[in-house]
Each structure stands twice: as C-alpha cells, then as structure tokens.
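Biologist: Could you walk me through reading a helix and its charged pairs? I'd like the general idea, then the case at hand.

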Amino acid sequence: MTSEQYLFIQDLFLDMYDKLLSYALASFKNQALAEEAVQEAFQIACQKPTSVCASPNPRGWITNTLKNVIANTKRRNEAAQRFHSKLIDRHSETILTPPCPSFEAEYADVASTDEFKLLKAITIDGKSQLELATELGISLSACKKRIQRAKAFLRNKLN
Amino acid sequence: MSDYLNRENRDFSKYDTMETNVLQDILRSDAEAPEDAEQDTELLLYIMEVLAKRRRSEPNPGITAQEALKVFEAHYLPCVEETYQAEKPIQSNMLLRWRRGLSAAAAVLIVIVLGSVTAGAFGFNVLGAVAKWTQETFFFESIHSTSASEPSKDHAPMYTSLQELLKEYNVKRKLVPTWLPEGYEFVEAQVSESPKQRYYFATYENEGKSIKVQIKDYLDFHPTYAEKSDSLVEVYESYGIAYYIFSNNGHLTAAWVIENYECNISGPVSLNDMKTIINSIEKG
C-alpha cells in the first residue's frame, strides 16, 4: 500500500465512518460490535488498496465491504453459538449419563477452560474482539489468534 | 441534502422525519439481502447520514471519526501490516529494524488526534493533552517511507533538500534539522497529499544507515499530544517545544507536534546526537 493509497483510505474513513456506523448499528444493535465491523471494513480496504482507490464509487465499495463483514460476522457468531450450545449439551450429558471415567475425565472440565470462556465472551456475551483484547491486555492481533486456537481446542475436545 | 436533489433529481426529504427504527429496518434489509441484490447506494447513504446526524445530537454520541481513525491505526492497521509482511518479502533493512522493535513488551505511546478547527493555535499543552504514540504508528510510517522511497514518476520535480520541498508548499514553520551526524547525506524528499492532509518525508543515508524525517500536515486541524510510556527515554525541551524521545531496538525516534504538524525524526543515533539534531531545527 503506497502512502497515496493510505491517504485516500484515511480520507474515506473520515468521510464515511459515522455513516457506516449507522449501517452497522442497524444490524448489530451493539455499539462495540458495530464499531468493530466498520473498522474491519477499512482493514479490508487497506488489504485491497488498489481496488478501493480505483473504484468509480469508493463510498459504495466500502459500504458493500461492510455489508460482507456484517454477514460474515453473523454467520461466524451463529456457527460459534451452535458450537457453544453443543458443548453445553455435551457437558450436561456427563451429569445425566452413568459415570464413565474416561469420558468424564475428558469433558467434565471443558466449560472451565480459558478457551471456553473466550468463545463465550464473543458469541454469547456479545463482546467485540477489541473489547476482549483490551480486557485481556493483549493486542487485537493476538486476541484473534487466541480465538482461533480456542475454537480448534474445543473442536478437538468434542471430536 | 440538496446535493442529492440537484445531482440525481431525487428527493429523499421524506426520510428526514421517519422513525429511527424504520430507517434502521431499511439498512438492515439491505445488509441481509443477497450479495448480488440491487442496491440503491444514494438512498442508503442518505439514510446513513440522517441516522448519523441524529446520533451526533445525542448526549453520548460516542467517539468521533478522528478518534476512531486513531483506534484503527493503533489496533486494526497492524493486523493489515502483519498480513502484508507475510505476503510480500521485506526489502528494506530499515523495515526489518522497525519490525524487531515491535516485539518489545513495554507499553507504547499512542497518538490520539483530537480534531480542532481553531486557527492560530501554537505549540501544545503537555499537561492538558491526552494522547500516546504507538510503535504500530511508526511501523506504519516506515512502511510508507519504504514504499515511497522508490522514486515515483508521479512525484516531480526531485528536490535537493527537505527545506526546498517545504518552501514550495509554503510551510513557514521551522521543522527541518540543519545538523546531522557526520557522514549523513541527503538522498531524497517527497510529498504525498490528499484533501485533508499532506505528508512530507526525507531520507538521509550514511553507509547503509538511514535517518528519516517525517512531517504530517493535517491542514484543517491541530493534533494534540502527550504522556508517557515505558519505552520513552526522555521528554526533551528545546526552544519551548517538548520532543518525546523513545527507543526502538537501537534506534531513537523524536516525535513532536507543533501547530497542525505532527513530526518525527528517527535513526541509529545516540541520545546526545538526537538532542543536537533537535536543537538545530530552530537554528535553521
């Protein structure tokens, strides 16, 4: 990304941020998630600077990008919520079914793991990744990696 | 609003008085529509602006676009740079040094630019300021320097000094050091600009080592500044201006704001040399 391209994106950011936030708030009703969606849309713009700078309608470009971010976020959260529910159900089974030492040993403490709590914060409590990163005292990039690792860890546990 | 009427002969004024939840329903419907669905961008932008104005008039409107931009540069842009670095080979030794500096565990300075359209503000109030300056921001700045250091055919003419470049753009404020450690020679100076800001930078080299001077001119508003971080070496005052000097893996960076300019000098220099560089700015 050249400096000219980033200056272009900066100007687009200052021009469109408030409007795009209105768009995101209509879908999320959660200020933090809406702000994060707008930030991610501009993150994509920085990953594709040639595309946005050359677009005949940069405002439309960034609005469409935000639309895709919103759709992806919702799909991701819905999938994670289903996964989370499955985990809760599986955890409940350990109480209802007859004791099985190996099964109990493997699943009984899943809900108390950091990975479970991390995923719950995002999917159930509705926190943005930036909010979570701030709480944990880590960078946003590190937080995203932790979430990916948490999903992989819990998926392994269920399988 | 009359822009829309004049440009497109479309009158959206009926949306000005619609209930907020009705307007949000329209936006949400668009967000949930298939990707290839027809989209009325003009109408959507109009509604987005109506809602934005209503939100701005609320008691707690949230952060401004300028503040959100600083959050973006502090937290989200570094994620882009990581992807950028993973996909493209690093060509600049300076870039490698900056990258290693980012792995430092210490807290960093983050600049939060508070917009102001007040003309005639000089200097800044250290006690009253709020901002910090991120290492991520400097990482970004050095990305720009690297990408623009290959002379662009769009940037002509070539300048013989940074001062010459600033003079061409009628920058009267003294911002350029007139002393550098022995052996450093001017290589190039370039400018990038957009409607809201102008970005000047210059490179000086000495046997593979580089000193870079970067100046961002916000044109319309005045960045404000302050406070401390663990990587801060010293707040050095020269001619009434406070220069924040911090270290980054063997490099020193001096950063300061003055009027509508946000500036920094960085390179592999000693603290004493950095202070001499700083003192030479006002002497020029």
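Modeller: We'll take a helix, then some salt bridges. This is a predicted model, where local features need pLDDT of at least 70, side-chain atom pairs count only at pLDDT 80 or more, and totals for chains, interfaces and linings use all residues. Side-chain values use heavy atoms, without hydrogens and water.

Biologist: Which residues of H2(B) are buried?

Modeller: An α-helix has 3.6 residues a turn, so residues three or four places apart point the same way. In H2(B), the buried ones (under 20% relative accessible area, with exposed over 50% and partly exposed in between, 1.4 Å probe, protein chains only) are Leu23(B), Gln24(B), Leu27(B), Arg28(B), Asp30(B) and Ala31(B). They line one face of the helix, because they fall within an arc of 155° seen down its axis, taken from the directions from the axis to the C-beta atoms.

Biologist: And how many salt bridges are there over all chains?

Modeller: Side chains of opposite charge can pair when their charged atoms come close. The search finds 14 salt bridges over all chains, each a side-chain nitrogen of Lys or Arg within 4 Å of a carboxyl oxygen of Asp or Glu. One of them pairs Asp18(A) with Arg56(B), closest N and O atoms 2.8 Å apart. Asp18(A) lies in helix H1 of chain A and Arg56(B) in helix H3 of chain B, so this pair joins two chains. Asp18(A) is buried at 16% relative accessibility, while Arg56(B) is partly exposed at 41%.

Biologist: What does Glu49(B) form a salt bridge with?

Modeller: Its partner is Lys19(A), at 3.2 Å between the closest N and O atoms. Lys19(A) is buried at 8%, and Glu49(B) is buried at 15%.

Notes: Residues are numbered from 1 along each chain as its sequence is written. Chains are lettered from A and ligands numbered from 1 in the order in which they are written. Helices (H or I, at least four residues) and strands (E, at least two) are DSSP runs, numbered from the N terminus.
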